[in-house]
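Hello,

Here is the structure I promised to pass on to you. Have a look at it first, and then read on for what turned up.

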Amino acid sequence: MDKVVEIRNLSYTYPDGTPALNEVSLDVMERESIGIIGPNGAGKSTLLLHLNGILQSENGAIKILGMPLTNRNLRKIRSKACLVFQDPEDQLFMPTVFDDVAFGLVNLGYDAGTVREKVGKILERVDLSGRENRSAHHLSFGEKKLVSLATALVMEPEILLLDEPTSNLDRKERREIIEFLQEIDKTKIIVSHDLEMIEQLCQRIVVMNRGKVILTEDREILKDDDKLKSLGL
């Protein structure tokens, strides 16, 4: 299998001086599902935000699908590595569900007919057909999560970057999201505190703490309660 993500010695400090990442190196292979876990403030979401260039650091290097993550490659990388935020309110900002899901396609220059076809198919896939003309803000939280996922999947990305995909969902919504993600045959990098979900979806576990990758193991580690406790999990 090919490497689709290569991170080398990545460090990042927020403008207020808060250190977030410290010499992080990690490879992700094609169609691999990676779960990134760790305590609050470990740097998990900060790392995810670097993988499609929302945050950029001059310290270290990232390659996505063989392309250096630079401003020159950013447009193409964002169409291939799509991020789904933890909070749908950070992702959904257009007047209607259709407009939200179509946004990326329109910006890539797809014609109107192709946009309608692709949006229709992906909304059917997430079981939201018929809600095209509604405002996403009038949907349930679980439906908003699905619309956010649709905005990424409609781009037909090779890599899905998911920040806490099951947070704040009820039991039924959580189960539906997990089952849906299990069906997606793409590289998935998932940041979450939901260890049960991570075990169901991910083959490899990356543990972070204080901005560092401190452990990389297969998902069997999630069955070792003593090990998890020792890692603050």
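**What was found**

Let's start with helix H6, which covers residues 171-182 and holds Glu173. Please keep in mind throughout that this is a predicted model. Glu173 is buried but takes part in no salt bridge. The nearest side chain of opposite charge belongs to Lys172, and it is 7.3 Å away, whereas a salt bridge would need the charged atoms within 4 Å. Once neighbours within four places in sequence are set aside, Glu173 is in contact with Ser140 and Gly142.

Next, the sheet. It is open and built from six strands, in the order E6-E7-E8-E3-E9-E10, with mixed pairing. Strand E6 (81-84) and strand E10 (212-218) are the edge strands, each pairing on one side only. From one strand to the next, the twist averages 20°.

Most residues other than glycine have a negative phi. Arg31, not a glycine, has a positive phi of about 65°. You will find Arg31 in the loop between strand E2 (19-29) and strand E3 (33-37), where it is partly exposed, at a relative accessible area of 44%. Glu156 is not a glycine either, and its phi is positive at about 55°. Glu156 lies in the loop that links helix H5 (141-153) and E7, and with 52% relative accessibility it counts as exposed.

Key
Residues numbered from 1 in each chain as written. Predicted model: local features only at pLDDT ≥ 70, side-chain atom pairs only at ≥ 80, totals over all residues. Heavy atoms only, no water. Pairing = 2+ DSSP bridges. Helix = DSSP H or I, 4+ residues; strand = E, 2+ residues; numbered from the N terminus. Axes fitted to C-alpha atoms, helices over the stretch in contact; angles between N-to-C directions. Buried < 20%, exposed > 50% of the residue type's maximum accessible area, 1.4 Å probe, protein only. Lys, Arg positive; Asp, Glu negative; His and termini not counted. Contact = heavy atoms within 4.5 Å.
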